[in-house]
Every structure is written in structure tokens, then in C-alpha cells.
Amino acid sequence: MSKVGVPDSVEARTVQDYIDETPYWADGTVAPSSPMTAMQWRIWFLASAGKFFEGLVVFMTGVALPLIVREFNLGAFEKGAVSAASLFGILVGASVLGGLADHYGRKKMFIVEMILFAICLIFLVLSTSYTMLVIFLFGVGLALGCDYPTAHMIISESIPSVDRGRLVLSAFAFQAVGALFGTAIGYLILYKNPELTAWRWMYGTAIIPAVLVVIGRFFIPDSGHWLVSKGRIEEAEDALRRLLHREPKYPTHIKIAIPETKDSNGDEIKAGSYADLFKPKNIKATILASVPWFIQDLSTYGIGIFTPTILGSVLGAKAVHARNVADLIQNDMIAAKGAAFIDVLLIVGVLCAVILADKVGRIKLQVFGFIGCAAGLFLATLSMGASPEMKMAYLFSGFMLFSFMTNVGPNAITYLIAGEVFPTKIRGKGAGFAASFAKIGAVATAFFFPFLLKDFGTEAILYFLVVCSLLGAVVTWFFRIETSGMNLEDLE
């Protein structure tokens with residue numbers, strides 16, 4: 001394209017119309033796509049960072065947990081509380097803080113959540129007691145929970161409709177990248193510093209990157225969609241100019257259409273509330289966004305956090321009972337290497353989701369993923385009664401299939417759907433509610449897993465999760481709403 005020309009127009013249009021606008025070739029024909037601006041890429045990168053930190057911190061806990069348990073001499077209840085603290089924080093943060101993005105704006109909460117994350121991370125590293133540890137792990141989760149709906153919205157409300165699925169899922173992929181980095185960093189720190197206090201260095205590695213992300217988030221525009229929903233039309237036009245700044249310039253003029261302030265009955269349209277999520281017109285979307293995500297998190301976070309423990313107990317390559325700190329460190333390193341290998345499959349899976357989400361469709365991919373997760377977990381159960389030669393083959397193939405299919409399907413797609421199926425006025429509340437409802441499953445799994453592993457054994461838990469995955473496929477199909485490639489304003 002040697003030169004781009006865009007016909008001038010002063011006709012008022014919607015925010016998404018301007019974002020979706022494609023340029024013209026010099027001969028007047030429309031170009032097939034609109035290139036992303038530098039600001040759109042900056043927003044995408046800063047949102048991706050939040051997902052990276054979530055994967056890093058939550059999955060690093062699996063490596064840090066044995067050291068924390070030994071340093072603070074924790075029992076089963078306290079171990080469960082440490083495992084569940086950050087997930088419980090995500091649960092609360094997604095609903096309580098995530099919904100504030102509908103009131104205070106996407107950008108403001110985008111900044112506040114990362115400041116909270118950095119502060120809590122610092123105090124987590126400096127924790128001197130079990131109580132402090134739980135409080136600041138909860139605080140870290142609170143910040144990450146707010147990021148669930150906010151990061152999704154700030155991407156999806158800033159990019160062309162045709163790219164929404166691909167770029168939201170690409171950002172989500174950084175959760176898997178963070179998980180891999182979390183286990184890898186844990187292993188390297190244990191290798192270089194085989195001490196009980198090594199877990200502090202693990203969490204400390206995220207502090208400086210978090211501060212840099214805080215600074216970057218100050219220099220982006222707010223969501224034009226949100227500003228229009230608040231009647232702040234001039235600010236929305238300024239935000240769009242910043243967002244769509246490019247050379248050659250297009251659109252050449254921005255004039256946003258003033259939205260309707262009354263509904264079809266002539267009543268004033270009021271700000272959305274959580275009660276709106278359960279009204280007849282939104283209940284199907286609420287169920288689709290929440291229930292499959294809840295089912296998915298039962299297995300994703302439970303398996304993710306305790307993968308090192310499960311692998312270490314089944315593979316038999318470690319000391320059965322850690323007699324001293326050296327044994328404990330050695331066991332933890334063995335388990336971390338196995339977990340890191342499996343985490344690679346999370347990344348491969350979500351990359352496949354990025355490619356397939358808009359081609360195959362959200363619903364089909366999520367159903368297919370749930371069925372694949374069930375198959376992987378079933379393979380893992382076969383390792384329990386297998387011969388020593390087959391035990392490793394069944395366990396690793398099962399965990400590898402699960403890790404791949406969960407990110408091809410439900411782990412990635414539930415996040416994507418939750419930010420698409422709700423109207424702008426309640427999008428933050430809807431996505432936040434879905435994320436927090438899902439984390440009930442994650443918290444329950446993380447907290448009760450130590451007890452369940454002890455009382456019922458790994459095999460019973462894995463069979464239960466097989467059934468849950470199949471149920472997730474059924475619920476997804478029954479309450480399906482396909483959103484692939486659709487304009488957010490058309491969906492509304």
C-alpha cells in the first residue's frame with residue numbers, strides 16, 4: 001500500500017465503527033483489514049502482563065508450597081489456606097473490584113489493580129508469620145481478580161471485531177507462559193539457593209516487572225465504549241484519536257453518535273447492576289459465562305497447583321518421606337521439572353485456541369476441549385493401578401493431553417466468552433461475576449485438595465474431575481451463544 005486515502009466523513013458513528021474502519025487503497029478500493037496502531041499494541045501488551053503475573057504467582061505456589069510448609073511448620077488446614085489464599089483473593093477481586101470498572105472506568109481500575117499487586121507482592125516476600133503470608137497472598141489474588149474482567153474489556157473494547165478473539169486469547173496465553181516461568185524460576189532458584197527461604201526469592205522476581213507495568217498503564221487512553229456509556233462523548237472522541245493515531249491518518253474525522261438514553265418503553269436507561277445479570281434477557285449469558293468456567297477451574301487450578309505433589313508421589317523418583325531440608329529441596333526440584341514440562345503443553349494449547357477460536361467458533365472449541373480434558377484425566381487415573389513400566393506413560397500422557405486440551409478449549413474460551421456476552425453497562429460486572437464464580441471452584445479445590453488426597457486418594461479425585469469435564473461440555477452446548485467475529489455493539 002503506497003498511499004492510503006480515506007474519504008472524509010462527518011457522519012456520526014459508533015465507537016466500534018471507527019475501530020473497525022478499514023483504509024482505502026489509492027484506487028479507492030477497500031483494504032481487507034485495518035492494521036493495529038502502536039497504542040492498541042501497547043494496551044494489548046500491558047493487559048497480557050496481568051495474565052502473565054497470574055500464571056507466575058499461582059503456579060509458582062506449587063513449587064513454593066513445600067518450603068513454606070516446612071518454614072512455618074504448617075498443618076493440613078494451614079497448608080490448604082496458603083494454597084487457596086490467592087485464589088480466594090481472585091474470587092473476591094473479580095466480583096468486588098472488577099465490577100468497579102463499570103463505575104470508575106477501565107483505565108483507572110487497570111492502574112489500581114497493578115499497584116495493589118506490587119504492594120502486596122513486596123509484603124509477601126517480607127512475611128514473617130503464617131498470618132502475614134495468607135493476608136498478602138490474598139491481596140495478590142485480589143489484584144489479579146480485578147484484572148480478569150478489566151484486562152479483557154480494555155483489549156476487546158480497543159481493537160477491531162475481527163481481531164478480538166485472536167488478541168484476547170493471545171493475551172490469555174501469557175497465563176500459561178507465566179505458569180511455565182513460575183515453575184522454571186522456582187527450579188532455578190532452588191538449584192542456586194537450596195534453602196527454605198528460596199520461596200521468597202521466587203515471588204520477589206515479579207516485583208520490578210510489576211512496577212514497570214504500573215508505570216506503562218498510566219499512558220493509555222480509557223475505553224471509548226465506557227466513556228460513551230457514561231455520556232462523556234467529547235472525552236470518548238479524544239480517547240479514540242489517541243487510540244487510532246497512525247500515519248497516514250484514518251479515520252480523518254471522529255464524531256461519535258450520541259446513544260439512546262431511553263429504552264423501547266420510553267423509560268430512562270439506568271446504570272447496570274448485578275441484578276441485571278439474572279434478568280431473563282441476560283440469564284442465559286450469565287450461566288454460559290459462569291458455570292462452565294466454574295467446572296473448568298475445579299480441575300485447572302487444583303491440578304495446576306498440586307501437579308508437583310501428584311507427580312512426585314506417583315513417579316517415585318523422590319524420597320518418600322523428606323528426612324531433612326536437603327531431601328525436601330531435592331523432592332521439590334524433581335517435581336518442578338515435571339511440572340514445567342507439562343506447562344509447555346498449556347502454551348501449545350492456547351496457541352491452537354488463538355488460531356481456531358474465530359475459525360471453528362467459541363462454543364464448538366469449548367465443548368471439544370472439555371471432552372479432551374475428560375479423556376486426559378481418565379488416562380491419568382489408569383496410572384494408579386498400572387505396572388511400574390506403564391505408570392509414567394499413563395500419567396504423563398494423561399496430564400499432557402489435559403494440559404493441551406484445557407487451553408485449546410475451556411480454560412481459554414471461558415475467559416473469552418465472559419467478556420463478550422454482556423452489554424457494555426454490565427460487562428465488567430458480568431465478566432467479574434463469572435470469574436469470581438469460577439474461582440469458587442478453584443478455591444474449594446485448592447483448599448480441600450490436601451484433605452481429599454489424604455482421605456480418598458488421587459484416583460477418586462481424578463475420576464470426579466472426569467465427570468465434571470463432561471458436565472462442562474453439556475452445559476456449554478445447552479446454553480450456547482456464539483460470539484465469534486461479532487461487533488460488541490451488535491451483540492449488545
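1. In this predicted model, Glu21 and Arg13 are joined by a salt bridge whose closest N and O atoms lie 2.8 Å apart. The cut-off matters here, since buried means under 20% relative accessible area.

2. A second salt bridge brings together the side chains of Glu157 and Arg106, with an N to O distance of 2.9 Å. This pair links distant parts of the chain, for Glu157 sits in the loop between α6 (130-156) and α7 (161-192) while Arg106 belongs to helix α5, 51 residues apart. Both Glu157 and Arg106 are buried, and both take part in a network of salt bridges that also includes Asp102, Arg427 and Lys429.

3. Glu420 and Arg362 form a further salt bridge, in which the closest N and O atoms are 2.7 Å apart. Glu420 lies in the loop between α16 (410-418) and α17 (424-455) and Arg362 in helix α14 (residues 362-382), so the pair ties together parts of the chain that are 58 residues apart in sequence. Glu420 is buried, with a relative accessible area of 0%, and Arg362 is likewise buried, with a value of 0%. Across the whole structure, a search finds 16 salt bridges.

4. As to the overall fold, the chain has 19 helices and 0 strands, and 58% of its 492 residues are buried. Among the contacts with a separation of 6 or more, 83% are between residues 24 or more positions apart. The accessible surface of the chain comes to about 19,900 Å², and carbon and sulfur atoms account for 67% of that area.

5. On the surface, a nonpolar patch with about 1,000 Å² of accessible area together is formed by Ile115, Ile119, Ile122, Phe123, Leu126, Ile208, Val211, Leu212, Ile215, Phe218 and Phe219. The elements that contribute two or more residues to this patch are α5 (106-125) and α9 (207-217). Phe218, one of the patch residues, is placed in the loop between α9 and α10 (224-229), and it counts as partly exposed because its relative accessibility is 44%.

6. Ala239, found in helix α11 (residues 233-243), counts as buried because its relative accessibility is 9%. Leaving aside residues up to four places away in sequence, Ala239 touches Pro221, Asp222 and Leu227. Ala239 and Gly224 are 15 residues apart in sequence, and their C-alpha atoms are 6.2 Å apart in space.

Conventions:
Residues numbered from 1 in each chain as written. Predicted model: local features only at pLDDT ≥ 70, side-chain atom pairs only at ≥ 80, totals over all residues. Heavy atoms only, no water. Patch = residues over 30% accessible without salt bridge, like charges linked within 9 Å, V, L, I, M, F, W, Y side chains within 5 Å. Areas by Shrake-Rupley, 256 points an atom, 1.4 Å probe, with all protein chains shown as cover. Salt bridge = Lys/Arg side-chain N within 4 Å of Asp/Glu carboxyl O. Helix = DSSP H or I, 4+ residues; strand = E, 2+ residues; numbered from the N terminus. Buried < 20%, exposed > 50% of the residue type's maximum accessible area, 1.4 Å probe, protein only. Contact = heavy atoms within 4.5 Å.
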